[in-house]
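Here's a quick tour of one protein model, written for someone who likes to know the cut-offs. Have a look at the fold before reading on.

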Amino acid sequence: FSKRTAPASSTHFYVTTKHGDVRCARAGASSPSSKNPLLFVMDGPNVLELWEQRFAAQSGRLLQDHSCFAYEPPGVGFSVPSPAYDYSLEAQVEVMDEVIGALAANDEEEFVLCCGCSHVLVALYRNEKST
């Protein structure tokens, strides 16, 4: 896979994981007193631009109270997988862990995971592994 050039955006940033560079976005409250941050996992064909248009731009109160993050897993949108990425459940959990770890390093603590489609299984498997 070759790296594609993402549209310029001040809300997008990349988290480097062992499975590839993962494109992320942030919206909403930025104060430390805000409620637990929400983490949305994109699933093709839904990419960050759609999330920003449909969710982040129209969620008023939710965005006042929460920091909201979203990311495109490797192979979705502009997140290019490493050559060794095998799309296994374990690899997807590792990506989720690395993204959460990078965001937690920026003073975020416990995330509420907002997943759809196959990433519900990834979140459940992640939770099962940590208990």
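Let's start with helix H3, residues 89–104: its 16 residues reach 22 Å from the first C-alpha to the last, close to the 22 Å expected at 1.5 Å a residue. That expected span is 1.5 Å times one less than the number of residues. Helices here are DSSP runs of H or I with at least four residues, strands are E runs of at least two, and both are numbered from the N terminus.

Before going further, note that this is a predicted model, where local features need pLDDT of at least 70, side-chain atom pairs count only at pLDDT 80 or more, and totals for chains, interfaces and linings use all residues. Residues are numbered from 1 along each chain as its sequence is written, and side-chain values use heavy atoms, with hydrogens and water left out.

Which residues of H3 are buried? The list is Ala91, Gln92, Val93, Val95, Met96, Val99, Ile100 and Leu103, with buried meaning under 20% relative accessible area, exposed over 50%, and partly exposed in between (1.4 Å probe, protein chains only). Their cover includes strands E1 (12–17), E2 (20–28), E3 (35–41), E4 (66–72) and E6 (112–114), plus helix H4 (118–130). Contact means heavy atoms within 4.5 Å.

| Helix | Residues | Reach, first to last C-alpha | Expected span |
|---|---|---|---|
| H3 | 16 residues | 22 Å | 22 Å |
| H4 | 13 residues | 19 Å | 18 Å |

Now for a pair of strands. E1 and E2 run antiparallel and are joined by 6 bridges; strands pair if DSSP finds at least two bridges between them. A hairpin links E1 to E2 through 2 residues, and Thr17 stands opposite Gly20 in E2.

Zooming out, the protein has 4 helices and 6 strands, in the order β-β-β-α-α-β-β-α-β-α along the sequence. Of its 131 residues, 42% count as buried. Among contacts between residues at least 6 apart in sequence, 74% join residues at least 24 apart. The accessible surface comes to about 7300 Å², of which 53% belongs to carbon and sulfur atoms, using the Shrake-Rupley method with a 1.4 Å probe.
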